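Here are my notes on the model, point by point. Please read them with the structure open.

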Amino acid sequence: MKKLILAAVGGAALGLVATSQIAGPLLAQESKNNASVYEQLDLFGDIFERIRAGYVEDVDDKELIEAAINGMLTSLDPHSSYLSADDAARMRVQTSGEFGGLGIEVTQEEGWVKVVSPMDGTPADAAGVIAGDFITAVDGESVLGLTLDDAVNMMRGPVGSEIIITIVREGEVEPFDVSIIRDTIKLTAVRSRTEGNAVVLRVTTFNDQTFPNLREGLAKQVEDAGGIENVDGFVLDLRNNPGGLLNQAIYVSDAFLDAGEIVSTRGRDAADGERFNAEPGDLAQGKPIVVLINGGSASASEIVAGALQDHRRAIVVGTKSFGKGSVQTVVPLRGDGAMRLTTARYYTPSGRSIQALGISPDIIVEQPRPRPTSEEDEEDQPRQQRSEADLRGSLDNDSLTEDEIRQIEEDRARAEAAAQLREDDYQLAYAIDILKGLNALGPTALLDP
């Protein structure tokens, strides 16, 4: 019994020694870390007071603190930032589908402002700004060294006012200036039309209007075609789409999937991860789909392309997407401001991370750059070829009925329209050709694994 008591006491004594040897250093380390944080905060206070007292000009205390907060956030990654009350209000307007500006989505790369994509039908699009352009100056003032928000603020201004941006473009030897008139940007999230027997759904952004626009546009085009049996398939054009709301990307993906995972998000804590799954119902009714992407397709666009690609529901055509695979959570702050903080990464159904890698197309198709028209170009154009029917006094074809001749003429007109589309938009023409081929093989051949 005495041995047991002694053993217990000895064990307790050893436990106390072990605890003091392990917990002691840990507590000391934590105390040291806390002291270091407080020292840094004291340093911030010292610098703040020195600026207020000794800077060459008067400074606004609020602007100084907001700049410090924004600097802390932007040091994390290009997509985390502080939103003042005005910026937060503008962001809410933008996601609702209407806002003022030039109509470009931008990011920051090596200190310069890089165009992710111009939005269709906006002043920037009309002025010829393209994805991949670098904006180096605004109205002659360099943007190097500015935060992304500061650079964007320089490009904002009254509707109808002129702005001159200096652009550096790959393939161009010298920077050049582009004049743009600011305007109110009213976004139609989805434009739908029919090319031949293919329905083209051009998705320009992911805001609150995206899925309703897509559903209505798709239904109208199918109705105008006389029913789904008269449609070869659907082209989902996500080129130069900078992304937007996560829930809209999920709705659009779900529109063409009957089941399975659409996207998952994973944060620093595994418990914060989420998975979003499709529900039964396919608006395309099993018809083949081609998704068009390019270097301006980012974020929500990449979620849709990745989900349809992984489920073999669509063939992805074009060039590699932008590679923005991070989730930003907007946290409201006091004073009507907000904090945009990167909190997770996106993963496609197969577990691929989009971040910095993007979505690789199943078929890589480059879009030829338009050539400027000149007299020399016109001289290089091939002359119109003459045929037997053009010869004076040629014999008529008496083996065809009027209906057969009309059908041949309609087929020829469609072929000429397809040829013109290849000149205007080579990638889209390529996508439509794929749909024609898949439709010709019959439903059993469509996207079989």
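1. Start at Gly-103. Leaving out residues up to four places away in sequence, Gly-103 touches Ser-117, Pro-118, Met-119, Thr-122, Ala-124 and Ile-185; contact means heavy atoms within 4.5 Å. Gly-103 sits in the loop between strand 2 (98-101) and strand 3 (104-109). Gly-103 is buried, at 3% relative accessible area. Buried means under 20% relative accessible area, exposed over 50%, and partly exposed in between (1.4 Å probe, protein chains only). Gly-103 and Ile-185 are 82 residues apart in sequence, yet 6.4 Å apart from C-alpha to C-alpha.

2. Ground rules. This is a predicted model, in which local features need pLDDT of at least 70 and side-chain atom pairs count only at pLDDT 80 or more, while totals for chains, interfaces and linings use all residues. Residues are numbered from 1 along each chain as its sequence is written, and side-chain values use heavy atoms, with hydrogens and water left out.

3. The overall count. The protein chain has 11 helices and 19 strands. Helices (H or I, at least four residues) and strands (E, at least two) are DSSP runs, numbered from the N terminus. Of the 449 residues in the protein chain, 37% are buried. Among contacts in the protein chain with a separation of 6 or more, 66% come from residues 24 or more positions apart.

4. Two strands pair if DSSP finds at least two bridges between them. Axes are lines fitted to C-alpha atoms, for helices over the stretch in contact, and angles run from 0 to 180 degrees between N-to-C directions.

5. Strand 11 (residues 198-203) and strand 12 (residues 233-237) pair in the parallel sense over 5 bridges. Arg-202 has Asp-237 of strand 12 as its bridge partner.

6. Thr-204. This residue lies in the loop between strand 11 and helix 6 (210-224). Thr-204 is buried, with a relative accessible area of 4%. Beyond four places in sequence, Thr-204 touches Asp-120, Thr-188, Ala-189, Arg-191, Asn-241 and Pro-242.

7. Helix 6 against helix 7. Their axes come within 9 Å and cross at roughly 25°. That makes helix 6 roughly parallel to helix 7; angles under 35 degrees count as roughly parallel, over 145 as roughly antiparallel, 65 to 115 as roughly perpendicular and the rest as oblique. Helix 6 brings Thr-210, Phe-211, Pro-212 and Leu-214 to the contact, and helix 7 brings Gln-248, Tyr-251 and Val-252.

8. The cores. A nonpolar core is a set of buried Ala, Val, Leu, Ile, Met, Phe, Trp, Tyr and Cys residues joined through side-chain atoms within 4.5 Å. The largest has 41 residues, of which Leu-214, Phe-234, Leu-236, Phe-256 and Val-291 touch the most other members. Helix 8 gives the most to this core, with 6 residues. Apart from it lies another core of 19 residues, including Leu-102, Val-138, Ala-151 and Ile-167.

9. Strand 18 and its partners. Strand 17 (residues 326-332) pairs with strand 18 in the antiparallel sense over 7 bridges. Val-327 stands opposite Ala-344 there. The hairpin of these two strands has 5 residues between them, and Gly-335 takes a positive phi near 80°. Strand 13 also pairs with strand 18 in the antiparallel sense, over 3 bridges. Strand 1 (residues 81-83) runs antiparallel to strand 18, joined by 3 bridges.
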